[in-house]
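Visitor: Hi, can you walk me through the charged pairs in this one? Keep it simple, please.
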Amino acid sequence: MRCLLGLLLALTCATGLAAEYRPLPPAAKGGLSSDWLIHDAARNRLVLYLPDYHSPALAYYQWVSVRPSRPFSISFAAPKGLSVFLDNRLVFSAASSASYTLDVARLLPAGAGPGPHLLCVWHPETPPNLSTFTNALPTVRTANKSAAPAVAVQPLPRGHQGQNVFLCFLLLIGLLYGSIRSAYQPGFARIYHFEGLWGKPTNDQDFLTKPTVTWLNLLLVMVFSLSFALLLVAIHTNIQSIIILRRLFDVPESAIVVRVLFYAILIASFVLGKYLFLEVMGYIFDVTQLVMVQYREFMRTILFMGLFLPGVMLLYLGLNQTLPETVLWVSNGVVSLMLIGTVIRIGRTLHRRASLLNLHLFSYLCATEVIPLIILLKLIVFTY
């Protein structure tokens, strides 16, 4: 009896182990599915990726059924450096950040027969955005097969198809700027004026003594946040790939209006909440007398620089279909100028009241402005 029970137990364990290590079958249909696999390093096997359970990975796998004689086209948005492997063989690498269409059937080696093949997407730094990987319509092949390229990759315009949504938001931003200018003309002119921004110390002193929390400043922060959020959603599409942001707030990529409003709330919270951060750092470094001046200068400079963001959106709506890379470069340049110019302007204002040659004050400036600047440039500009 004991022998029989031991034999049944051994068979049960063997069956369980065999089922545990059985490889997952490929997709039943001849196309890309939403089921991705990740590598389980502890057990050295591929397991089904569950977004709500597993942490994001740098490499994702999927079994696909490919026939060399039948087109198998997929489209995806790729940041610079994203690579695609087929059966552990590199077949594509994104030289620049753009959207691509790839015919997987043409990537098979010569003599490969129909059947399941392991597709892998990998990026060395950020997790690939799996939501952008979709089945595309087959590309039309030319009659001259010898002239056809080995890899059918065609760059597509960046961004979303919601051009009407972006245009409506842009019109709303223009109406808000016009209404605020009509209602608060003296204060509006004091902020959006080149002589007021780069003028003499007397003009600076006149502005820096004004109250910070006013209806004018709050309305301008709201419009600036909406402009910056619109730019992030339209051009910097990979901002949602930030792991912390995606874990805290999982906003669908297709919900453009929700994403614009969500990013606007985050940006407004950052701008208004920076005062509390400066108060804490000013208390730590014992420079509380400079906190209010620094925050007022931050508000004035970033609101002035934000006036150029709608212009970048106009450039996006007009030239994104023909010159997507140029639009991306211009956008990166404007955002970089806005962030770097704000830090330079704050440092110039603080230097007039206390010399930055003082190591104590210089350390305070690095902790409150330079380090956040580097983080923002990494997240927004150098994501691509």
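Predicted model: local features only at pLDDT ≥ 70, side-chain atom pairs only at ≥ 80, totals over all residues.

Visitor: OK. Is Lys-378 buried, exposed or partly exposed?
Guide: Lys-378 counts as partly exposed, because its relative accessibility is 44%, between the 20% and 50% cut-offs.

Visitor: What does the side chain of Lys-378 meet in a salt bridge?
Guide: The side chain of Glu-125, at 3.6 Å from N to O. Lys-378 sits in helix H12, while Glu-125 is in the loop between strands E8 and E9, so the pair ties together parts 253 residues apart in sequence.

Visitor: And Glu-125, buried or exposed?
Guide: Exposed, because its relative accessibility is 55%.

Visitor: New topic. How many salt bridges does a search of the whole structure find?
Guide: Five. One of them joins Arg-345 and Glu-297, with the closest N and O atoms 3.1 Å apart.

Visitor: Where do Arg-345 and Glu-297 lie?
Guide: Arg-345 is in helix H11 and Glu-297 is in helix H9, so this pair links parts 48 residues apart in sequence.

Visitor: Why does Arg-345 count as buried?
Guide: Because its relative accessibility is 0%. Glu-297 is buried as well, with a relative accessible area of 0%.

Visitor: Which residues do shared partners join into one network?
Guide: Glu-297, Arg-300 and Arg-345.

Visitor: Last one. What about Arg-106 and Asp-103, buried or exposed?
Guide: Both are buried. Their side chains meet in a salt bridge, 3.5 Å from N to O.

Visitor: Why can side chains pair like that at all?
Guide: Because opposite charges can pair when the charged atoms come close.

Note on methods: Residues numbered from 1 in each chain as written. Heavy atoms only, no water. Salt bridge = Lys/Arg side-chain N within 4 Å of Asp/Glu carboxyl O. Buried < 20%, exposed > 50% of the residue type's maximum accessible area, 1.4 Å probe, protein only. Helix = DSSP H or I, 4+ residues; strand = E, 2+ residues; numbered from the N terminus.
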